[in-house]
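Take a look at the chain shown here. We will walk through it step by step.

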Amino acid sequence: SGKIAQELDYVNHHVRTKLDEIKRRELERLRELANREFELSNDIDRNHLKVPQHLDHGNEHTFEIEDLRKLIQKTSDDLAEADRKRRGEFKEYEMQKEFEREAQKKVMNEESRKKFDAEMKEKEEKHKQHEKVHHPGNKAQLEEVWEKQDHMDKDDFNPKTFFSIHDIDSNGFWDEAEVKALFVKELDKVYQSNLPEDDMRERAEEMERMREHYFQVCFYIQF
């Protein structure tokens, strides 16, 4: 929602000064883009050019709360759009895979089709035979990472220590890459690259689904 932008009032003066200068440079860049668009299209109304709205154009000189709110919202929208695009591409991949299977079957005789279907069913059953998969981000899943990935004593699990271990850049937050690293062991239970029944593209999509779910439940973690 961008509500956290209110905290801008509490940052150091030198940070605000830098943000003011960055904003002035960015607005100048946007003006140049608008001019190029106008020059390339003679019939464009200069007053209605499509200029990116990730900054407050009404104030050109200082970086304020409204600027930070707009940046947060634009970034959130861009990330959400990237996820929508990824989900759409994966759906197309699944449809194409199914289409290719049906195309294979069309040129087979009845006996070959039965054999093909039996093989596909066998692969599906093999794929389902794996260790229990924990819900992403729940206590059991994190404790398993602590024990099997971090090689720590399972009885000594400590949330703050666990967070620090996986805060790779030590900035006090878990970013998307750091969170996804927590799910590797879970996905290893279900997908192996050397097994024909396991689809690695599907594994990658499942990783992103876990990441999406995690950040929907817990937008960020800070200790």
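Which residues have the most contacts inside the largest nonpolar core? This is a predicted model, and in it that core has 16 residues. Those with the most contacts inside it are Phe162, Trp174, Val179, Leu182, Phe183, Leu187 and Tyr214. The largest share, 4 residues, comes from H8. In soluble globular proteins, nonpolar side chains tend to be buried together.

Now pick out Leu182. Set aside its neighbours within four places in sequence. Leu182 is then in contact with Gln141, Leu142, Val145, Phe162, His166 and Trp174. Another core lies apart from the largest one. This other core has 5 residues, including Leu8, Leu27, Leu55 and Phe63.

Next comes helix H1, residues 13-40. At 1.5 Å a residue, its 28 residues should span 40 Å. The end C-alpha atoms of H1 are 41 Å apart, which agrees. The buried residues of H1 are Arg16, Asp20, Lys23, Glu26, Leu27, Leu30 and Ala34. Helix H2 (65-106) is part of what covers them.

Finally, turn to the loops. Most residues other than glycine have a negative phi. His151 is not a glycine, yet its phi is positive, about 55 degrees. His151 sits in the loop between H4 and H5. Its relative accessibility is 66%, so His151 counts as exposed; the cut-off is over 50%. Ser170 also has a positive phi, near 55 degrees. Ser170 is in the loop between H5 and helix H6 (176-181). Ser170 counts as exposed because its relative accessibility is 61%.

Methods. Residues are numbered from 1 along each chain as its sequence is written. This is a predicted model: local features need pLDDT of at least 70, side-chain atom pairs count only at pLDDT 80 or more; totals for chains, interfaces and linings use all residues. Side-chain values use heavy atoms; hydrogens and water are left out. A nonpolar core is a set of buried Ala, Val, Leu, Ile, Met, Phe, Trp, Tyr and Cys residues joined through side-chain atoms within 4.5 Å. Buried means under 20% relative accessible area, exposed over 50%, partly exposed in between (1.4 Å probe, protein chains only). Helices (H or I, at least four residues) and strands (E, at least two) are DSSP runs, numbered from the N terminus. Contact means heavy atoms within 4.5 Å. The expected span of a helix is 1.5 Å times one less than its number of residues.
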